[in-house]
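I opened my notebook for a look through this model, starting with the packing inside and moving on to charged pairs. Here are my entries, in the order I made them.

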Amino acid sequence: MEREVDVLVIGAGPTGSTAAKYAARGGADVLLVEKRSEIGTPVRCGEGVAKRWLDEIGLTPSGEFICHEVEGARVIAPDGTALIVDETRAGNECGYVLERDLFDRYLAKEAAKAGAEILIKTSAVGLLRDDGQIIGARCEHMAETFEVRAKVVIGADGFESQVGRWAGLETHLRTRDIDACLQYTMVGVAGDPRYNDVYLGSCAPGGYAWVFWKQTDVANVGIGVNLSRIKDRAEAKRYLDALISRTPTLAKGEIIEEVAGAVSVSMPLEKTVAPGLILAGDAARLIDPLTGGGILNGCLSGNTTSSRSV
Ligand SMILES: Cc1cc2nc3c(=O)[nH]c(=O)nc-3n(C[C@H](O)[C@H](O)[C@H](O)COP(=O)(O)OP(=O)(O)OC[C@H]3O[C@@H](n4cnc5c(N)ncnc54)[C@H](O)[C@@H]3O)c2cc1C
């Protein structure tokens with residue numbers, strides 16, 4: 001099987017689905033490939049986003065993907081002093097808490113409605129080149145390999161992006177450019193669900209810990225710790241467990257899910273394009289290095305990237 005399209009988007013996270021949606025809306029013939037068997041799962045995210053960013057990417061808030069709304073963030077210092085910051089000052093970590101799996105699927109649905117074709121269980125495994133120009137990608141679906149030729153390839157394959165590397169772009173991250181993250185979804189926790197909590201200081205060296213509320217007694221409780229400040233990733237767990245056990249409102253909760261991941265805390269890549277290829281979202285290191293939030297930057301870059309490609 002060989003395919004020919006205008007735009008091939010690799011990765012159906014928020015970035016890729018947004019890129020596919022806007023490229024299809026712009027009249028391009030778009031193929032979006034996603035290696036997972038289900039878009040949106042597993043979720044590796046605190047699920048916090050700001051309201052104003054949703055406006056900026058043209059999404060109407062919907063119960064289809066929002067599970068909780070907060071008034072702002074409570075920033076907690078090591079001595080317990082708390083500062084409440086409202087949404088205009090709290091960066092992109094507050095406003096709504098999403099059901100991230102539903103959000104990603106919502107965006108994919110939008111892409112499909114705009115006319116993009118989506119292939120799940122399909123991995124890009126290499127790029128096609130002609131005289132230095134990237135002209136598509138080799139893809140694999142159920143052990144079958146096929147070529148997709150495209151006028152433009154958009155690499156939206158996330159933090160662990162291979163597409164950028166295949167294209168010869170400098171995507172390498174130093175240890176200090178990475179925060180290792182660990183998050184529990186906890187039930188039976190207590191607190192004030194009007195505010196997402198952000199713990200700063202020695203409890204999370206080079207990062208922060210968070211409590212993002214999903215319901216009045218359910219929250220994503222997580223931590224990001226700079227890799228250069230710990231001996232191994234297991235140390236992130238020790239920091240998170242220590243914070244939970246000394247915080248009575250959290251200590252009484254039960255963990256129903258645990259996810260690990262990482263975010264870049266670097267500047268964006270200096271170069272995000274190669275002939276025939278554009279990187280976007282986490283693949284272009286567009287995560288906000290202060291908050292670790294990348295969903296909405298990803299959507300924004302997906303939108304701009306597709307405008308450049310159409
Ligand atoms: C623990 C944790 C908590 C976080 N909390 C927040 C938060 O609260 N708020 C926030 O804004 N951000 C948060 N982030 C960051 C956020 O999750 C990312 O910035 C966001 O997912 C970026 O979207 P993306 O589409 O660029 O990449 P991804 O969401 O990673 O999507 C990339 C997609 O590409 C697919 N893919 C990869 N390689 C291939 C391939 N070769 N072929 C086909 N498909 C491929 C992947 O399966 C994936 O579906 C958090 C991250 C972590 C790790």
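Before anything else, I wrote down what I count as a nonpolar core: a set of buried Ala, Val, Leu, Ile, Met, Phe, Trp, Tyr and Cys residues joined through side-chain atoms within 4.5 Å. I also noted that this is a predicted model.

**Entry 1, the cores.** I looked up the largest nonpolar core and found 27 residues in it; Tyr-199, Val-211, Val-221, Ile-223, Leu-240 and Ile-244 touch the most other members. E12, E14, E15 and H5 each supply at least two residues of this core. The largest share is from E12, with five residues. I then picked Tyr-199 and listed its contacts beyond four places in sequence: Ile-76, Tyr-208, Ala-209, Val-211, Leu-243 and Thr-247. There is also a second, separate core of 23 residues, and Val-5, Leu-8, Val-153 and Leu-277 are among them.

I checked the length of H5, which has twelve residues, 234-245. At 1.5 Å a residue the helix should span 16 Å, and its end C-alpha atoms are 17 Å apart, which agrees. Which residues of H5 are buried? I found Glu-235, Ala-236, Leu-240, Leu-243 and Ile-244. Their cover includes strands E12 (178-187), E13 (195-199), E14 (208-215) and E15 (218-226), along with helix H6 (248-251).

Side chains of opposite charge can pair when their charged atoms come close. How many salt bridges does the structure hold? I have 19 on my page.

I took Glu-2 and Arg-149 to begin with; their closest N and O atoms are 3.7 Å apart. Glu-2 lies in strand E1 (residues 2-10) and Arg-149 in strand E11 (residues 144-155), so this pair ties together parts 147 residues apart in sequence. Glu-2 is exposed at 54% relative accessible area, while Arg-149 is partly exposed at 32%. I noted too that Glu-2, Glu-147 and Arg-149 are linked in a network of salt bridges.

Next I turned to Lys-109 and Glu-64, whose side chains meet in a salt bridge at 2.9 Å, N to O. This pair links distant parts of the chain, 45 residues apart: Lys-109 is in helix H3 (residues 100-114), and Glu-64 is in the loop between helix H2 (51-56) and strand E4 (66-69). Lys-109 is partly exposed at 44%, and Glu-64 is partly exposed at 42%.

Last, I looked at Asp-177 with Arg-174, a salt bridge with its closest N and O atoms 3.0 Å apart. Is Asp-177 buried or exposed? Asp-177 has a relative accessible area of 7%, which means it counts as buried, the limit being under 20%. Arg-174 is partly exposed, at 43%.

Notes. Residues numbered from 1 in each chain as written. Predicted model: local features only at pLDDT ≥ 70, side-chain atom pairs only at ≥ 80, totals over all residues. Heavy atoms only, no water. Helix = DSSP H or I, 4+ residues; strand = E, 2+ residues; numbered from the N terminus. Expected span 1.5 Å × (residues − 1). Buried < 20%, exposed > 50% of the residue type's maximum accessible area, 1.4 Å probe, protein only. Contact = heavy atoms within 4.5 Å. Salt bridge = Lys/Arg side-chain N within 4 Å of Asp/Glu carboxyl O.
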